[in-house]
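Thanks for coming. Let's look at some rings and a helix pair. Here is the model.

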Amino acid sequence: MNHRYLPLTEEDRRSMLAFLGLSRQEDLLAPIPVSLRSQDPPPLPAAMDEADLAAWFHARAAMNADLLRHPSFLGAGAYFHFVPAVVDHLAGRAEFYTSYTPYQPELSQGLLQAIFEFQTMIAELCGLPVANASLYDGATATVEAAFMAAAQTGRKRVLVPRTLHPHYREVLRTYLGARELILVEIPIEEGHLVPTRLPLDGETAALIVGYPNFFGQIEDLAPLAAAAHEMGACLIVVANPIALGLLEAPGNLGADIVVGEGQPLGSRPSFGGTGLGFIACGENFLRRLPGRLVGQTVDAEGRRGFVLTLQTR
């Protein structure tokens, strides 16, 4: 091996070209028209040793306007948060970090326990008894909650105020239309909802409310829940998990389903990803809850263990 990063030797290259019946490496490009090929070598510096190469990359990375040195008003939900070093340390510990699928509980106890602890935390923050192992992101978690409410009530109308994140409203409109459900955008007054002026009726499956809403206002959930329940509809709350450390848990105020984006819990923006959706609900929605659900049990010898519960999702 001539180079630590380039494991192929010249003999390896000649052997592969001979096997393909070619004499030069350039012959591999024969199917690509010459007019589409770059005739000049890429503008790369001369070869450097590892220390100089690392310094070269660090110097260029320093030219970026990163979130450590600059405020950002982009994102509308994907924000920079300080993540303590202990988070990465704990996430990488062998007790929790396993490569096995949760469907193999004998080999994935660490991962299953981590999911169980996450579910427990979300359930406590939301004030509801059941939470799953997470969903794709906050927007699709909101969609799943709307599906659950529609299935539970047998109704088709879903009310959404303009105080809900515009991207969430767009995703709802796309998904609900495919299920022949009706999305109704309702007006707001001074940045929040007025419980006595909601267009709730006997066809309403759910009212979806942001908490805090997109404009940063804290909706009064209790009267909104009462108004929805009076018409037989569900209250779905889209919550910020960090805000739930200060605000009253939505489930304690009458919410039937609570969803949200988990990125604030410790994921970096990473150019728009990766996000995760959380969802919690009452026990009456348990069989409609999508995604994985981890439960605690004991083995044949009475030792605590964790398994995927209910039906395979």
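Phe116 is buried, and Phe306 is buried too; buried means under 20% relative accessible area, exposed over 50%, partly exposed in between, with a 1.4 Å probe and protein chains only. This is a predicted model, where local features need pLDDT of at least 70, side-chain atom pairs count only at pLDDT 80 or more, and totals for chains, interfaces and linings use all residues. Residues are numbered from 1 along each chain as its sequence is written, and side-chain values use heavy atoms, with hydrogens and water left out.

How many aromatic pairs does a search of the whole structure find? Three. Rings of Phe, Tyr and Trp (its six-membered ring) pair if their centres lie within 6.5 Å; planes under 30 degrees apart are stacked, over 60 edge-to-face, the rest tilted. One of the pairs is Trp56 with Phe57: edge-to-face, 5.0 Å centre to centre, 85 degrees between the planes. Trp56 is partly exposed, because its relative accessibility is 24%.

Back to Phe116 and Phe306. Their ring centres are 5.1 Å apart and their planes at 50 degrees, so this pair is tilted. Phe116 lies in helix α4 (residues 109-126) and Phe306 in strand β9 (residues 304-308), so the pair ties together parts 190 residues apart in sequence. Helices (H or I, at least four residues) and strands (E, at least two) are DSSP runs, numbered from the N terminus.

Last, a charge. Arg179 lies over the face of Phe147, 3.9 Å from the ring centre. The cut-offs: NZ of Lys or CZ of Arg within 6 Å of the ring centre and within 35 degrees of the ring normal. Phe147 in α5 is also among the residues that meet α6, with contact meaning heavy atoms within 4.5 Å.
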